[in-house]
Amino acid sequence: MEEEKPAVLGMGNALVDVINILENDTALAKFGLPRGSMTLVDGELSRKIFEATRFNQRQITTGGSAANTIHSLAALGSKCGYIGKIGKDELGEIFQQEFERAQIETFLISSEIETGRVMSLVSPDSERTMATYLGAAADLKPEELSSEMFRGFSIFYIEGYLVQDHKLIETAIDLARSEGLKVAIDLSSFNVVEQNLSFLKKLIAEKTDIVFANEEEAHAFTAKGPEEALSEIASVCDLAVVKIGKEGSLIQKGNQQTKVGIVEALAIDTTGAGDNYAAGFLYGLTKGLNLEKCGQIAALVSGKVVEVMGAKIPENKWVEILEQVKKIEA
């Protein structure tokens, strides 16, 4: 019997991204959005931001942190699945069709609430600030999940943004673990970590195998600098990754530590860098590569996404990326 190919199931807020290029940061101040943060907004404020930025250069695509990761994993050639909730509207259709085109197995639950959207505001220095209206995404309920969704996958990847709903994230992780999946989480945003610190500490120590964090998130979680934060996180889970921007990333499993540099890139928009890093890293893990090679593929994929607008790498760039991935794997 052919051995089942390792596969990754993602779960997150199913959102549509509206990416706007700002000429300056006036809009951030006007709407009270902290630069570089992800702020949850209601439908009304989301519409106001949409109107205020309508004359800016913009692009619309499917989004949501885990959704971006799963898309890139599929492009790398991994077998993938995705759990989320969408509205019965045009944006919901766009979301579903984009996933089906990428041959990702979807478990998309339908809601009466409109599909969620992210207003991504990109500053002139390529820093991005996000105002998120969750819409249908926040309507995903623990009882809508079933153990069948998790079968046939080896890794369950969850975005930290879902941590706001403690019952949902625990239910999902418990179902994944009961089906024998390893659990990976990306901490997603320093303010999410700060608001859910004690819950996250317990969740990671008791039920999580792999943790991805950037420098700010790692600091919010441990109150320590990157190296010490890495060791502290690695002491309570199987594998920890701390991304340190232009310095690359630090990876630790047990007592084994690895540092991986970045791929030189002409950054025009940092949106999706972390999501794509996770995709490259998880791809390496499913292929059984060592930590350094996992980190190199992660650095390659995240380096390519910052050279384009938005969180997705265009199809025409994947040929070159896949060639480079083969070289790393060899």
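**Aromatic pairs and charges over rings**

User: How many aromatic pairs does a search of the whole structure find?
Analyst: Searching the whole structure, which is a predicted model, turns up eight aromatic pairs. One of them joins Phe150 and Phe156 in an edge-to-face arrangement, with 5.1 Å from centre to centre and 75 degrees between the planes.

User: Are Phe150 and Phe156 buried or exposed?
Analyst: Phe150 counts as buried because its relative accessibility is 0%, and Phe156 is buried as well, with a relative accessible area of 0%.

User: ok, and what about Phe212 and Tyr277, what kind of pair do they form?
Analyst: Phe212 and Tyr277 form an edge-to-face aromatic pair, with the centres 6.4 Å apart and the planes at 75 degrees to each other. This pair links distant parts of the chain, since Phe212 lies in strand β11 (residues 210–214) whereas Tyr277 lies in helix α10 (residues 273–286), and the two are 65 residues apart. Both Phe212 and Tyr277 are buried.

User: Which residues do ring pairs link into a cluster with Phe212 and Tyr277?
Analyst: Tyr157 and Phe281 are linked with Phe212 and Tyr277 into a cluster by ring pairs.

User: Switching to charges: which ring does the charged end of Arg58 sit over?
Analyst: The charged end of Arg58 is placed over the ring of Phe50, at 4.1 Å from the ring centre.

User: And where does the charged end of Lys79 sit?
Analyst: For Lys79, the charged end sits over the ring of Phe153, and its distance from the centre of that ring is 5.1 Å.

Terms used. Residues numbered from 1 in each chain as written. Predicted model: local features only at pLDDT ≥ 70, side-chain atom pairs only at ≥ 80, totals over all residues. Heavy atoms only, no water. Phe/Tyr/Trp six-rings, centres within 6.5 Å; stacked < 30°, edge-to-face > 60°. Buried < 20%, exposed > 50% of the residue type's maximum accessible area, 1.4 Å probe, protein only. Helix = DSSP H or I, 4+ residues; strand = E, 2+ residues; numbered from the N terminus. Lys NZ or Arg CZ within 6 Å of the ring centre and 35° of its normal.
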